[in-house]
Amino acid sequence: MALYEHPSRRAGWIKSELAFDVDAKDLPVKPCGCGEGGVCEKCLEEARRVVMLFSDVLSSDLGLRDLRFSYSGRGFHLRVLDEPVSRLEQNERAQVVSYVTGGVIPTDLSLALGYSRVFREFAARTLERLPEERLREVFPRAAAKIQQKKEEVLQALRRGRMEEMRTLGEKGERLLEFLARLNSSWVDGRVTVDVKRILRLPSTLHSGVSMKCMYIKDIESFSLDQAVPKFVREGGNGGLGKA
Ligand SMILES: [Zn+2]
């Protein structure tokens with residue numbers, strides 16, 4: 001949502017919420033067999049977990065409080081409504097996104113704190129889920145070695161012992177770059193950085209699926225049943241109306 005001085009012309013941008021769009025069909029590493037553009041309960045569940053991790057970082061590391069979730073019909077939106085964030089310009093937003101997603105390799109890899117911790121945890125999470133075939137595609141010659149050392153690398157990342165990544169030699173650096181790139185694609189970056197982008201409004205129906213786009217009160221206990229229009233109708237949730 002964006003606020004303008006002259007809304008009809010979309011001129012005089014004043015502020016807008018920071019939004020993270022985690023689309024289950026575009027996950028960089030899928031937990032399921034869905035092909036391109038496909039969505040199933042598994043990848044939706046993965047999208048839900050990822051959006052919760054982002055919100056943890058936003059609240060614990062950046063001290064942000066006004067976080068709202070919604071179900072988009074294909075994934076989840078996380079909107080940050082804290083006032084200082086809403087006035088950030090595009091490049092500042094990009095930095096927040098890089099930080100929160102672990103999308104950039106921190107410059108000082110020996111530091112086990114702050115930025116480095118978020119990056120390391122997401123890099124480890126992504127690597128853990130990365131199928132060997134993907135490794136082979138990207139690192140045709142080094143995949144076997146990376147796979148063989150995967151446990152050690154995961155440990156090194158999680159404990160902040162980045163020097164242990166050297167067991168992979170220069171491949172370690174390239175692997176980190178690859179993981180950073182994957183990390184940054186858990187969200188649709190265009191949505192997050194663009195201060196004028198408009199997200200799907202909750203309580204509209206996603207055209208591709210028969211589920212409701214809706215606000216989520218409690219992301220931890222959210223289940224897809226809650227987004228099925230039939231349930232909405234039968235549950236008498238007056239605010240959402242008919243599908
Ligand atoms: Zn799937």
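This is a predicted model: local features need pLDDT of at least 70, side-chain atom pairs count only at pLDDT 80 or more; totals for chains, interfaces and linings use all residues.

**Entry 1: the hairpin.** I looked up β4 and β5 with that rule in hand. Strand β4 covers residues 67-71 and β5 covers residues 75-80, and they pair in the antiparallel sense over five bridges. Three residues sit between the two strands of this hairpin, and G73 takes a positive phi near 100 degrees there. I picked out one facing couple: F69 stands opposite L78 in β5.

**Entry 2: the other neighbour of β4.** Which strand does β4 join through three bridges? I found β6, residues 214-216, and the two run antiparallel. Y71 has M214 in β6 as its bridge partner. I then checked how covered β4 is, and four of its five residues are buried.

**Entry 3: the zinc ion.** I listed its protein donors: C32, C34, C40 and C43, each through SG, lying 2.2 to 2.4 Å from the ion. I wrote their spacing in sequence as C-x1-C-x5-C-x2-C. What is the arrangement of the four donor atoms around the zinc ion? The angles they subtend run from 103 to 113 degrees, which makes it tetrahedral. For my own reference, the ideal angle for four tetrahedral donors is 109.5 degrees.

C43 counts as buried because its relative accessibility is 0%. C40 comes out at 25%, so I put it down as partly exposed. C34, with a relative accessible area of 21%, is partly exposed too; the cut-off for buried is under 20%. While on cysteines, I looked for disulfides and the structure holds zero.

**Entry 4: G33.** This residue is in the loop between β3 (18-23) and α1 (41-60). Is G33 buried or exposed? It is exposed, with a relative accessible area of 77%. I also took the C-alpha separation of G33 and C43, which are ten residues apart along the chain, and got 9.2 Å.

**Entry 5: aromatic rings.** My count of aromatic pairs came to six. One of them is F20 with F54: the ring centres are 5.8 Å apart and the planes are at 40 degrees, so I call the pair tilted. It links distant parts of the chain, since F20 is in strand β3 and F54 in helix α1, 34 residues apart. F20 is buried at 0% relative accessible area, and F54 is buried at 0% as well.

Next I turned to F76 and F222. Their ring centres are 5.7 Å apart with planes at 90 degrees, so this pair is edge-to-face. F76 lies in strand β5 and F222 in the loop between β6 and α10 (229-234), so the pair ties together parts 146 residues apart in sequence. Both F76 and F222 are buried. I also noted one aromatic cluster made of F20, F54 and F122.

**Entry 6: helix α7.** I went through residues 150-159 and found K150, V153, L154, A156 and L157 buried. Seen down the axis of α7, these buried residues fall within an arc of 160 degrees, so they line one face of the helix. On the other side of α7, E151 and R159 are exposed. Just after α7 comes G160, with a positive phi of about 75 degrees.

Methods. Residues are numbered from 1 along each chain as its sequence is written. Side-chain values use heavy atoms; hydrogens and water are left out. Donors are N, O and S atoms within 2.8 Å of the metal (3.2 Å for Na, K and Ca); water is not among the atoms, so sites may look incomplete. Four donors count as tetrahedral if all angles lie between 85 and 135 degrees; four count as square planar and six as octahedral if opposite donors are over 155 degrees apart and all others between 65 and 115; anything else is irregular. Buried means under 20% relative accessible area, exposed over 50%, partly exposed in between (1.4 Å probe, protein chains only). The arc is that of the directions from the helix axis to the C-beta atoms. Two strands pair if DSSP finds at least two bridges between them. A disulfide is a pair of cysteine sulfur atoms within 2.5 Å. Rings of Phe, Tyr and Trp (its six-membered ring) pair if their centres lie within 6.5 Å; planes under 30 degrees apart count as stacked, over 60 as edge-to-face and the rest as tilted.
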